[in-house]
Amino acid sequence: MEKKDKPKENKFKKYYPTLFIFSFFIVLHHPIEILLTNFLVNPILSKVSPDNFTNFGIIVLLIISLIFFDRFCRKKIIIPNTYLLVILLFLIIYFYYRFFGSTWKFTGFKGYEKVKYTDIIFVSVLPLLSQLYFKLKKKQPKTNLPSFVEERPIENIKDDSFQRSELAKKLIDKILNTKNKNSFAIGIYGKWGSGKTSFLNLIKENTKDKNVIEIDFNPWQNYDAKTILIDFFDTLKSHLSKEHLGISRLIDNYKKSLNLSIGNSLFKMILNQNNNSLSDEEKKLKEAIKQIDKKLIIYIDDIDRLQAEEIFQVMKLIRNSVNFPNVFFIVTFSRDYVLEHLDKITNNKAAEYLQKIFQLEIPLPDYEDWKIRNKLWNLLGLILLEKQGVKCDKITECKDKCEQIDDCEIVRRALFNKELTGYNREIKYKQLESFRDIHRFINSFKISYEKLAGEVNVIDLINLEILRSKYPDVYDILDDFLVKKEDILPLSLFYLNSDIDKQLKEKLRVDKKNIERIKQILVELFPCGNIAAMKNNLSINKQAIYNCLCLK
């Protein structure tokens, strides 16, 4: 079956209340006119007499208001569009009564009756209305200036370059076909930057036009474990109250019964099973959720931002507090992080604990090597071209231009055709394990390359920035790993310390796996038998220098 396109968001929805009130005024304008006449116009405004003293006061008010609103606009303080719409509609109403209506007679300036005192309202808000004009006229300027790369999760199936949308579709199909009497928890885990949030978005794409209620719950926005529970039920109430008129009261009652026991030890997994009050409220809420007859999918993202007790509270919430029919939890997390923190609470039984929480766990695999390499090249190549004034939307469209630029062609060959580079150099791109790693590296490399292009060996600079983005602590004390051997003017020769493993363990407490990864970068940075050639602490020598260093 062909998938329907995602419905576009209604941009005008936020204006509906204002337009409704405006329409309401038009329908009831006659009784509103009587009300204003009796309580505002006759007792107050009709008493204003046109004389020189009043003229002076009105002019002073006009000047003050113009100065205030002019400064307001000059500071470029943004006024919400809804506020501007209210002002515009108010002026339309005034314009009608001022020139076409016969309900009220407006008092004019002494000596110039055509200009009314109330006209200062229109004149004073003109600076504010000018902001509305420029908003409508303004277009996003196109810029050729270099910019940072923003990390964003994918939002559409068309952006799914890892073919995970099919898995997301199958997952939703299974959820829709499952008749569960108790909540069903699905854990989606992977490393940081592995695309967990993107996978959630793909799942959401497959729920359009389905009989589901979706709730995004962000526990990391709370400041402690207890408020997570309170915030969850408030979020649940705000969504379900649209589906069931009496459910708000049921949720409040159930929340109160839970609060009677949340002060107990967090080690007690099953709380208040013999508490009749809690049991009664739970049954009522379960029945109401069952009556809604829709799948309730609750997404919980980034619980690996939480502390140990907060993670435990979320797990307890899933396992115990929200054990309702038709409810599905889809939770994303870094498994290693969660296990490490839950071990502190569960006496090193976190793995067994997670098995009791989640009925299904889906691991997101690491990015494949060729995808990392292609992504890196797509971004890196554009930076190298941009520095030479060449603009391209995609690096694949500028292959010929890349061949004419030394740095661009050297990097391309180092990534895809290493044997053609003319010297045995390698880019340690495999150290970048995710798109998040790539984005961090690219933003760091952009700044360095902007300053050092043409002065350094580009592959060395890339490897150095990989080191800085992945292992900043190592980068900060890089000089400690080098030993000066001798001077060959205008150069100085350095060796890598033979006890580098020991230094990494003692100074930075790096584990064995990462020690090997760090050494791979350092050895590549300092070739010719682990000898490094450095002009100074800020620069790396270009290719020709390596030839003379390799002569022993």
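As what does Asn378 count at 33% relative accessibility? Asn378 counts as partly exposed, where buried means under 20% relative accessible area, exposed over 50% and partly exposed in between (1.4 Å probe, protein chains only).

The model is predicted, so local features need pLDDT of at least 70 and side-chain atom pairs count only at pLDDT 80 or more, whereas totals for chains, interfaces and linings use all residues. Residues are numbered from 1 along each chain as its sequence is written, and side-chain values use heavy atoms, with hydrogens and water left out.

**View 1. The whole protein chain.** Of its 552 residues, 44% are buried. When contacts (heavy atoms within 4.5 Å) are taken between residues at least 6 apart in sequence, 74% of them join residues at least 24 apart. The accessible surface of the chain, from the Shrake-Rupley method with a 1.4 Å probe and, for residues, with only the protein chains shown as cover, comes to about 33,000 Å², of which carbon and sulfur atoms account for 55%.

**View 2. Asn378 in helix α15.** Asn378 has its place in helix α15, which covers residues 369–387. Although Asn378 and Ile395 are 17 residues apart along the chain, their C-alpha atoms are separated by 5.6 Å.

View 3. Phe20, Ile21, Phe24, Val27 and Leu28 form a nonpolar patch on the surface, and together they have about 540 Å² of accessible area. Patches are made of residues with over 30% relative accessible area and no salt bridge, like charges being joined within 9 Å and nonpolar side chains (Val, Leu, Ile, Met, Phe, Trp, Tyr) within 5 Å. Phe24 lies in helix α1, residues 16–27, and with a relative accessible area of 47% it is partly exposed. Thr18 is also found in helix α1, but at 16% relative accessibility Thr18 counts as buried. Leaving aside residues up to four places away in sequence, Thr18 touches Leu85, Val86 and Leu89.

**View 4. Helix α9 from end to end.** The 16 residues of helix α9 (residues 225–240) should span 22 Å at 1.5 Å a residue, and the end C-alpha atoms are 23 Å apart, which agrees; the expected span is 1.5 Å times one less than the number of residues. The buried residues of α9 are Ala225, Thr227, Ile228, Leu229, Phe232, Phe233, Thr235, Leu236 and Leu240. In general, an α-helix has 3.6 residues a turn, so residues three or four places apart point the same way.

**View 5. Strand β6 and its two partners.** Strand β6 (residues 327–333) is largely enclosed by the rest of the structure, because 7 of its 7 residues are buried. In a regular strand the side chains alternate between the two faces of the sheet. In β6, Val327, Phe329, Val331 and Phe333 point one way, Phe328, Ile330 and Thr332 point the other way, and all are buried. Strands pair if DSSP finds at least two bridges between them. Strand β3 (residues 184–189) runs parallel to β6 and is joined to it by 6 bridges, with Thr332 of β6 as the bridge partner of Ile188. Strand β5 (residues 295–300) pairs with β6 in the parallel sense over 5 bridges, and there Ile298 stands opposite Phe329.

**View 6. Salt bridges around Lys470.** A salt bridge is a side-chain nitrogen of Lys or Arg within 4 Å of a carboxyl oxygen of Asp or Glu, and the structure holds 19 of them. Lys470 forms one with Glu433, their closest N and O atoms being 3.2 Å apart. Lys470 lies in helix α19 (residues 458–470) and Glu433 in the loop between α17 (406–416) and α18 (435–452), so this pair ties together parts that are 37 residues apart in sequence. Lys470 also forms a salt bridge with Asp437, where the closest N and O atoms are 3.1 Å apart. This second pair links distant parts of the chain, with Asp437 in helix α18 and Lys470 in helix α19, 33 residues apart. Glu433 is partly exposed at 30% relative accessibility, whereas Asp437 is buried, with a relative accessible area of 14%. Lys191, Glu433, Asp437, Lys470 and Arg517 are linked in a network of salt bridges.

**View 7. The pair Lys371 and Glu368.** The side chains of Lys371 and Glu368 meet in a salt bridge of 3.1 Å, N to O. Lys371 counts as buried at 9% relative accessibility, while Glu368, at 43%, counts as partly exposed.

Notes: Helices (H or I, at least four residues) and strands (E, at least two) are DSSP runs, numbered from the N terminus.
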